[in-house]
Each structure stands twice: as C-alpha cells, then as structure tokens.
Amino acid sequence: MAIQNKTARTGRMMITGANGLLGREISRFFSRGYEILRTDREECDVTRARECLRVIGEFSPDVVVHCAAYTAVDRAEAEEEAAFALNARGTRNVALACREHGALLVTFGTDYVFDGTSERPYSENDPTGPLSAYGRSKLAAEEAVREIAPDFLLLRTQWLFGAHGRNFVSSILDRAGRGEELRVVSDQKGSPTYSLDLADAVKRLLDAGSRGIFHFSNEGETTFFVYAAFLLAHTGNKEARLSALSTSDLSRDEYPAPRPLYAVLSKKKYREATGVAPRRWEEAVLDFLRTGSRGERDS
Ligand SMILES: NC(=O)c1ccc[n+]([C@@H]2O[C@H](COP(=O)([O-])OP(=O)(O)OC[C@H]3O[C@@H](n4cnc5c(N)ncnc54)[C@H](OP(=O)(O)O)[C@@H]3O)[C@@H](O)[C@H]2O)c1
C-alpha cells in the first residue's frame with residue numbers, strides 16, 4: 001500500500017480534537033489537500049452545542065473530521081457520565097452542526113463496542129455489546145451519528161500508534177528505556193493501527209465517495225505481548241525483561257475496564273470500497289520506527 005496524499009486543494013476541512021494523537025495526524029496528512037481549521041477544546045468545545053454550531057457555521061467546512069473524544073478507557077469506569085458527555089453528546093452536537101451547515105461528518109469508533117466473543121474478525125454489521133463504560137459511550141456516539149448526520153463516514157479502529165501522543169509503542173519503549181520489567185497481556189487479540197495509515201484510509205474512502213461505517217486497522221492479528229516483543233526486538237532492546245500475563249492477572253484497581261479478548265476487525269468492506277488492502281502491522285510499525293518515530297514528526 002502506497003500512502004497517497006498528493007492532491008490539489010479540494011475544499012475546507014475542520015478538525016475537532018486536533019491536538020490529540022489522531023487529530024494531529026489528520027491535520028498533517030490533509031494540510032496539502034484542504035484549507036484546514038484545527039480546533040481543540042479551547043476553539044470548539046464539542047460539549048457545547050451552540051459553540052459547535054457557531055464554529056462550523058463560521059468556517060463553513062465541506063468536511064468535519066471529529067477526533068475529539070474521551071479516551072481514558074479505565075478512568076471512564078468511574079466517570080461514565082463524563083465519557084457520555086464528551087463521546088455521546090459531544091458527537092451529537094457535532095453531527096447536528098454538520099447537518100445544519102451541510103458538512104460531511106467523518107469520525108472514529110472503536111473495537112470496544114464488541115464483546116470479544118467472536119471467533120472470526122468482526123464485520124461492520126455484527127451485533128455490538130460493549131463491556132466497558134468507554135465502549136458504551138462510543139456506541140452511543142455511533143447511534144447519534146446514524147440518527148442525525150445524513151452524510152457520514154465512521155471508521156471503527158483499534159490500538160492506534162503514531163508520532164503524536166502517548167500510545168502502546170511509546171509506552172513500551174519508554175519503560176524499556178528506563179530498564180523496567182515489562183509484564184504484558186498475551187490473551188487479548190487485535191491489530192495495531194498506524195495513525196498515518198488511518199489518515200490515508202480516510203482519504204481513500206473520501207476519494208471513493210464511501211459513506212457509512214467501515215472497519216480499519218493494519219492487517220494481521222497479534223497480541224499485546226507479541227507486539228511488545230516485536231518492538232523490543234527491532235529497537236535494540238534485546239536485553240529488556242518482558243513477561244506474559246493473562247487479562248485475569250491484571251490489577252482491577254489499575255485496569256478496571258473490561259476489554260474484549262478478541263477484537264480483530266474485518267477489513268473486507270474497506271478493501272472492496274477502496275480496492276486496496278491495509279499493509280500488515282509489522283510493516284507499518286517498522287516504517288514508523290524508521291521514519292516517523294517520536295520527536296521527528298511531532299511539530
Ligand atoms: N487511541 C486509540 O487507540 C483509539 C482506538 C480506537 C478508537 N479511537 C478513537 O479515535 C479517535 C481519536 O482518538 P485519539 O487517540 O486521537 O484521542 P486523544 O489523543 O485522547 O485526543 C482527543 C482530543 O480531544 C480533545 N478534547 C477533549 N475534550 C474536548 C472537548 N470538550 N472539546 C473538544 N476537544 C476535546 C483532547 O484534548 P485534551 O487533551 O485537552 O483533553 C484531545 O486533544 C477517538 O474517537 C477515539 O475514540 C482511538
């Protein structure tokens with residue numbers, strides 16, 4: 001898969017949560033193709049319906065890429081109301097403003113809407129059954145989008161990593177760098193997703209005129225343990241102390257949110273819509289370590 005972002009300017013794009021992991025990647029990726037308005041909580045607090053209407057009305061974007069979200073999965077167990085305020089009602093506010101001002105809404109969902117009992121990759125139409133407060137709040141966000149926005153694209157994704165923000169890659173490498181012993185779960189299956197590849201997937205779906213819900217991650221399934229071992233092996237951390245543990249061994253005080261044990265997403269619909277398959281996660285991780293790792297791309 002070749003990353004493609006060389007386009008003539010095609011319109012105006014507003015981004016919410018533009019300082020987050022994905023918001024920064026989206027801002028960077030689309031800056032050559034669009035006139036961009038980057039907003040975060042200060043410029044457009046998505047929990048404020050009138051602020052969303054005003055900011056979207058004034059900029060009059062063709063596309064709103066809504067990245068703002070409550071993403072503290074474990075904290076959400078004790079703060080379900082805060083997670084719903086941002087994820088469900090915030091998304092509802094953005095969707096209403098998009099409908100009012102005729103903008104296409106692009107936003108992101110999560111594998112945590114599933115219960116993890118499937119024995120094959122989840123497709124877009126599989127029944128949902130979130131186990132956690134975060135998952136419930138993101139499912140409510142999906143319902144708001146479906147109900148309100150006539151024109152939307154929602155990409156469910158998982159295990160995001162990239163140049164911006166804290167994520168599994170930065171956490172493992174930082175902890176290994178400090179010489180900490182790493183104990184990582186070996187019984188949760190999913191697929192890492194490079195934020196750059198996710199931005200590229202948004203572009204491909206936009207170019208294809210696709211609408212509705214799509215699953216996107218890098219190809220190939222793994223566990224967090226194998227993923228951590230791969231990272232250590234490819235960053236000269238061969239001496240790092242890594243051991244496997246099972247989800248049931250995790251401290252419920254530290255990790256109160258239940259997680260789906262099997263959360264692999266089927267990319268069949270994405271492949272059919274765009275004509276390309278996502279690259280494998282190992283290739284994406286190596287590309288990130290070579291060319292996009294922390295600091296170099298953070299601007
Ligand atoms: N990261 C993953 O592994 C993952 C996996 C699956 C799906 N997703 C989804 O992908 C999307 C992007 O996630 P991410 O990892 O980029 O999240 P993130 O790094 O946590 O960024 C979220 C951004 O939203 C901002 N924000 C918080 N409250 C706001 C408000 N009231 N109004 C406007 N902005 C506000 C945050 O600002 P502050 O920092 O100031 O709070 C932050 O800049 C989300 O929909 C998430 O659910 C992520």
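W159, F168, F224, Y227, F230 and W281 form one aromatic cluster in this predicted model. Rings of Phe, Tyr and Trp (the six-membered ring of Trp) are paired if their centres lie within 6.5 Å, with planes under 30 degrees apart counted as stacked, over 60 as edge-to-face and the rest as tilted. Residues are numbered from 1 along each chain as its sequence is written, and side-chain values use heavy atoms, leaving out hydrogens and water. Local features need pLDDT of at least 70 and side-chain atom pairs count only at pLDDT 80 or more, whereas totals for chains, interfaces and linings use all residues.

Across the whole structure, the search finds 14 aromatic pairs. The rings of W159 and F224 are stacked, because their centres are 3.7 Å apart and their planes stand at 20°. W159 lies in the loop between β5 and β6 (160–161) and F224 in helix α7 (residues 224–233), so this pair ties together parts 65 residues apart in sequence. Helices (H or I, at least four residues) and strands (E, at least two) are DSSP runs, numbered from the N terminus. W159 counts as buried at 14% relative accessibility, and F224 is buried with a relative accessible area of 14%; here buried means under 20% relative accessible area, exposed over 50% and partly exposed in between (1.4 Å probe, protein chains only).

F230 and W281 make an edge-to-face pair, with ring centres 5.1 Å apart and planes at 65°. This pair links helix α7, which holds F230, to helix α9 (residues 281–292), which holds W281, and so ties together parts 51 residues apart in sequence. F230 is buried at 15% relative accessibility, and W281 is buried at 2%.

Charged side chains also meet rings. R12 lies over the face of F59, at 4.3 Å from the ring centre, and K269 lies over the face of F214, at 4.4 Å from the ring centre. The criterion is NZ of Lys or CZ of Arg within 6 Å of the ring centre and within 35 degrees of the ring normal.

Turning to the sheet, six strands form an open arrangement in the order β2-β1-β3-β4-β5-β10, with parallel pairing; two strands pair if DSSP finds at least two bridges between them. β2 (34–38) and β10 (212–215) stand at the edges with a single partner strand each, so one side of each has no neighbour in the sheet. The twist averages 20° from one strand to the next. Strands β1 (residues 11–16) and β3 (residues 63–66) run parallel and are joined by four bridges, with V63 in β3 as the bridge partner of M13.

Helix α2 (residues 49–59) packs on the sheet, touching β1, β2 and β3, and its direction makes about 160° with that of β1. Axes are lines fitted to C-alpha atoms, for helices over the stretch in contact, and angles run from 0 to 180 degrees between N-to-C directions. Contact means heavy atoms within 4.5 Å. Helix α6 (residues 195–207) lies across β2, β4 (104–110), β5 (152–157) and β10, running at about 150° to β5. Since 12 of its 13 residues are buried, α6 is largely enclosed by the rest of the structure. Just after α6, G209 takes a positive phi of about 70°.

T157 lies in strand β5 and is buried at 6% relative accessibility. Leaving aside neighbours within four places in sequence, the contacts of T157 include G109, D111, L198 and F216. T157 and L198 are 41 residues apart in sequence and 8.3 Å apart in space, C-alpha to C-alpha.
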